[in-house]
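Visitor: Hi, I'm new here. Could you put the structure up so we can walk through it?
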Amino acid sequence: MAKLIELKNIVLSYEGDRILDNVSLSIESGQFVTLLGPSGCGKTTTLRIIGGFATPDEGDVLFEGKRINDLPPHKREVNTVFQRYALFPHLNVFDNVAFGLKIQKLPREEIRQRVLSMLEIVDLKGFEKRRVNRLSGGQQQRVAIARALVNRPKLLLLDEPLGALDLKLRRDMQLELMNIQRKTGVTFVYVTHDQEEALTMSDVVVVMKDGVIQQQGRPEDIYNEPENAFVADFIGESNIFDGVMEADCKVRLCGRTLTCLDGGFGENRPVDVVIRPEDIDLVPPSDELLTGEVTGVVFKGVHYEMAVQCGGLQWLIHSTDAHPVGEQVGLSFGPDDIHIMKRLFEGSENVLRGEVTGEDEVTFCDVSFERPGLGLPEGTPVELIIQPGDIEVVSIDHAHLTVYLESLIYKGDYNELVVWTGGRSLLIHSYLDQQVATDIGIRFDFDKIRIAPWKGGETV
Amino acid sequence: MKKRGIPGWIWMGAVLFFLYAPIFVLIAFSFNESKSRALFTGFTLKWYKSLFDNTLIMSSFWNSLMLAFLASAIAMVLGTMAAVGISKMGRRSRNVVMNITYLPVLNPEIVTGISMMLLFVFLKNLLGGEMGFGTVLIAHVTFCLPYVILSVLPKLRQLDPSIFEAALDLGCPPVPAFFRVILPQISSGILSGFMMAFTFSLDDFIITYFAAGSGFKTLPITIYSMVRKKVNPQINALSAIIFLVVLTLLILMNLAEARKARRPERAEQGVLHRPVVQRVAAAAGVVVVGSVVAVVAVKNYQSGALTGELPTLSVFNWGEYISTGEDGSLDVIAAFEEEYGCQVQYDLYSTNEEMYTKLKSGSVQYDVVIPSDYMISRMISEDMLEPLNFDNIPNAEDLMDRFKSTDYDPEGRYSVPYTWGTVGLIYNTTMVEEAPDSWNALWDSRYSRNILMFSNSRDAFGIAERLLGYSQNTTNEAELLHCADKLKEQKAVLQTYVMDEIFDKMGIGEAALAPYYAGDAATMMAENPDLQFVVPKEGSNLFIDAMCVVKGSKQKSLAETFINFMCEPEVGLANIEYICYSTPLQSVYELLDEETRENPVIYPDEETLSRCESFVDLPVETNRLMQDLWNEIIAE
């Protein structure tokens with residue numbers, strides 16, 4: 001199939017923040033492509049670049065092989081369905097849909113024909129004269145889709161179009177959108193933060209985080225073979241634990257060495273171990289298996305969601321059979337159910353460079369603290385080792401430092417936070433939940449910071 | 001709903017009363033037979049009739065409408081563009097621009113007005129040109145702009161930002177997209193901004209006052225200069241009409257609003273007819289605005305055509321100080337224009353100081369002015385007046401001998417007297433025990449709390465000086481200090497210091513004694529037979545207003561012709577019958593009816609006049625001392 005649109009090494013910054021960092025993507029004609037990621041990941045910006053509402057700082061946007069970086073939106077053969085529909089409130093349904101055709105100055109009769117048949121496709125026949133603000137959310141949504149599709153674009157961009165609808169309506173609209181896409185053959189690029197929606201509708205899913213594409217592929221591949229803990233966490237539910245790769249196909253978890261299919265990580269490397277909750281069977285306990293105790297059961301309609309305490313970690317298990325709270329169970333899964341991933345943060349502790357800035361005073365990242373009896377002369381560089389558990393997440397008012405939360409992953413016992421400040425990442429273990437892609441405040445336990453002489457070189 | 005209770009109703013009633021009582025009083029007095037502001041003597045519609053005959057009021061009314069319409073239309077376009085720009089700014093620059101926008105709204109108008117005037121005068125000196133309609137328009141657009149911006153911005157903020165992008169996305173280029181999808185959404189804000197700007201522009205006095213040079217008058221400016229001595233009841237009539245028009249508009253708008261509120265029910269059925277009222281209102285609006293523009297355009301075309309061919313004479317006079325052609329009288333200005341084939345640009349002032357300041361500021365240029373005695377002597381000493389060529393003013397021969405040379409213009413080279421009068425005591429015969437013949441009566445404790453006194457320093461000191469036997473033009477410090485003590489002494493018996501209110505207070509018997517001008521006293525006596533007037537034995541001020549030509553006049557001989565014309569017997573008669581002051585012209589005097597000629601209030605005998613002298617300009621330090629002493633007296 002022919003490439004309809006290609007993004008090549010797109011970089012876009014806004015007020016010093018990198019919104020998109022070297023994004024490359026190619027979309028083939030007739031595909032249903034979904035950009036998936038948490039808010040602030042750059043998916044909407046990517047869409048706006050394709051639509052012509054944003055211009056990349058670097059990189060090329062190609063449409064059917066032609067560079068269109070500087071082509072204004074009204075000259076692109078692309079139409080958009082906006083997040084809050086953006087219908088024209090002063091026009092009725094017919095005039096909203098006819099807007100683009102009237103701009104093209106088509107004959108009246110043709111406009112009428114096309115608008116009416118499009119309204120039929122979106123199931124709004126007979127609504128022509130209604131004012132758009134008297135329509136329900138789902139009807140407005142369909143007007144917006146009709147208004148975009150009536151222009152017969154080669155590419156339709158949809159920016160979280162179902163976000164404002166309730167669950168039931170959203171499910172119906174998902175199916176309807178897929179039908180429309182199949183009927184019209186138009187290429188859809190769809191933005192959502194709802195992973196289920198993405199997996200349901202798409203031919204290709206592109207997972208993004210912090211302006212970087214994490215993984216792209218068929219929904220099944222993304223789900224079954226997530227490339228890192230972020231993707232695993234974001235797509236579906238997962239058990240993600242800290243493990244150590246002892247050797248190829250040997251991973252240490254919960255005090256046991258388990259056999260897996262992955263390799264190439266080197267020896268004794270810390271890794272993330274991912275096991276999908278539905279891949280674990282609960283069986284009677286035995287010596288060969290990890291065993292634990294059921295601590296919670298929730299009925300989810302199709303399956304039961306159970307929490308099992310095992311090896312100091314909380315495991316999430318999906319099963320159609322319920323096990324009562326308090327029951328001792330064995331956890332059964334095969335080597336192919338264990339997915340090994342590179343950790344998001346290299347190492348298990350934070351090593352920072354600091355400097356002695358006064359008598360018994362040390363400064364790092366614009367934070368100063370006193371260490372009585374340090375006895376080092378002013379200006380001496382030192383190495384500070386901070387354990388992830390010795391950093392506390394607090395409100396920004398009480399913080400030593402304000403940092404940007406890049407990711408938060410539940411590791412069975414605590415949340416693993418990776419934050420970004422002043423050009424370096426920090427690893428934090430916390431029991432609190434925080435909104436990703438926001439600024440949070442942190443405090444250090446100064447007494448627990450280990451100070452060592454600087455060994456040279458730059459450590460992040 | 002909460003119950004209001006009796007105190008609540010009383011409170012609301014009081015609020016409504018204070019809000020509306022003044023307006024109803026005004027409307028009532030617009031039907032008053034007499035010019036009095038205190039007594040209702042009978043019902044009449046004559047003020048309404050004469051209002052429409054008054055070309056000065058009507059032309060400034062059209063000026064105001066045209067100015068308000070143009071200024072608010074320009075402000076509407078510029079303001080909308082500015083608002084769109086501001087809404088697209090980043091937060092910080094938007095805050096800066098918004099504060100800059102607010103500043104003119106918060107800035108006192110007087111500051112805006114004066115700074116505008118300075119700028120225009122500066123530019124005028126630099127680039128040439130005259131202040132007038134153009135400068136007023138610029139000033140009005142300037143102060144109207146923030147109101148448009150402030151009413152459009154919230155509409156833009158409510159707007160879904162993706163609407164504009166949606167239009168672009170559907171193939172519409174940016175500019176048509178603005179007109180097709182943004183404009184319809186913010187039109188109500190634009191319209192209310194326009195309306196606000198329109199009312200502010202129509203209303204404005206202070207800024208217009210400073211920004212208008214000679215030759216362009218709006219209604220507020222004209223009204224202000226007309227109310228020098230007493231409110232002309234035509235103004236009451238005009239105010240009543242304006243109030244009723246505004247009230248009608250308000251009711252219409254509310255009706256339309258109420259219709260609109262019911263509209264969704266109709267939309268529910270898929271019916272989208274615009275309410276009839278709204279259509280009619282829109283059509284009516286278009287017709288009104290269109291006819292205003294058409295009328296103004298025609299008028300301007302005519303006057304423009306005239307300007308091209310005819311010389312223009314500019315005259316700066318007191319309000320209500322020339323015969324205007326009402327009730328079949330002579331329209332002096334029109335008659336002069338016709339007879340001499342020229343155009344007269346006629347502007348008004350309400351005090352000598354206002355006229356002086358305007359001429360000094362350089363924002364205006366006039367040919368003829370009519371100041372009072374002391375102001376003429378100041379203007380002569382400051383070289384602001386042209387010596388007159390009396391070859392062009394043969395009618396000056398007709399002046400009574402007394403007025404051929406005066407205290408302020410001893411050789412009679414610069415001025416030709418227009419009107420004169422004395423200052424005397426007006427008293428109510430039913431409230432005094434015997435007829436007073438001395439200024440002493442104003443210190444008489446028997447009339448304690450029934451005595452009124454001039455509230456301006458020069459007139460007040462003049463009375464004290466007379467009483468103590470000094471010259472009313474004295475510069476002697478000891479004499480002035482003595483007068484100040486005398487005036488302080490008077491406070492114990494005074495009711496209040498007043499100026500124009502003497503007319504009302506004496507008219508309805510609220511005070512027994514007051515000093516006042518003879519011409520006005522005669523008018524009051526005609527309405528209240530209990531009143532009498534006397535020029536006290538110590539003598540008094542003889543005030544003279546005289547016609548002069550301003551230094552630098554480009555139409556000096558035409559100006560002299562105008563002065564001569566004003567001295568024609570029938571012209572002088574028309575003016576003096578309109579103004580009710582005394583004429584300095586012998587032949588006009590002889591044309592007057594016998595009753596007037598024999599009226600000792602207006603034309604006192606030689607003996608009385610010999611006791612009077614005129615004010616001359618005092619040295620700066622004397623003026624300052626007098627003002628300081630006066631402030632001290634008032635403050636105590």
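Visitor: Which residues have the most contacts inside the largest nonpolar core?
Guide: They are B:Cys144, B:Val148, B:Ala197, B:Val368 and B:Leu513, in a core of 150 residues. A nonpolar core is a set of buried Ala, Val, Leu, Ile, Met, Phe, Trp, Tyr and Cys residues joined through C-beta atoms within 7 Å. Buried: 20 or more other C-beta atoms within 10 Å of the residue's own, with C-beta atoms placed from the backbone. This is a predicted model: local features need pLDDT of at least 70, side-chain atom pairs count only at pLDDT 80 or more, and totals for chains, interfaces and linings use all residues. Residues are numbered from 1 along each chain as its sequence is written, while chains are lettered from A and ligands numbered from 1 in the order written.

Visitor: Which helix gives the most to this core?
Guide: Helix α3 of chain B, residues 55–87, with 12 residues. Helices here are DSSP runs (H or I, at least four residues), numbered from the N terminus.

Visitor: And what does B:Leu513 touch?
Guide: Its partners include B:Leu425, B:Tyr427 and B:Ile451, not counting residues up to four places away in sequence. Contact means C-beta atoms, placed from the backbone, within 7 Å.

Visitor: New topic. How many residues of chain B are in contact with chain A?
Guide: 18 residues of chain B are, and they meet 21 residues of chain A.

Visitor: Which helix of chain B supplies the largest share of that side?
Guide: α7(B), with six residues.

Conventions
Contact = placed C-beta atoms within 7 Å. Helix = DSSP H or I, 4+ residues; strand = E, 2+ residues; numbered from the N terminus. Buried ≥ 20, exposed ≤ 12 C-beta atoms within 10 Å, placed from the backbone.
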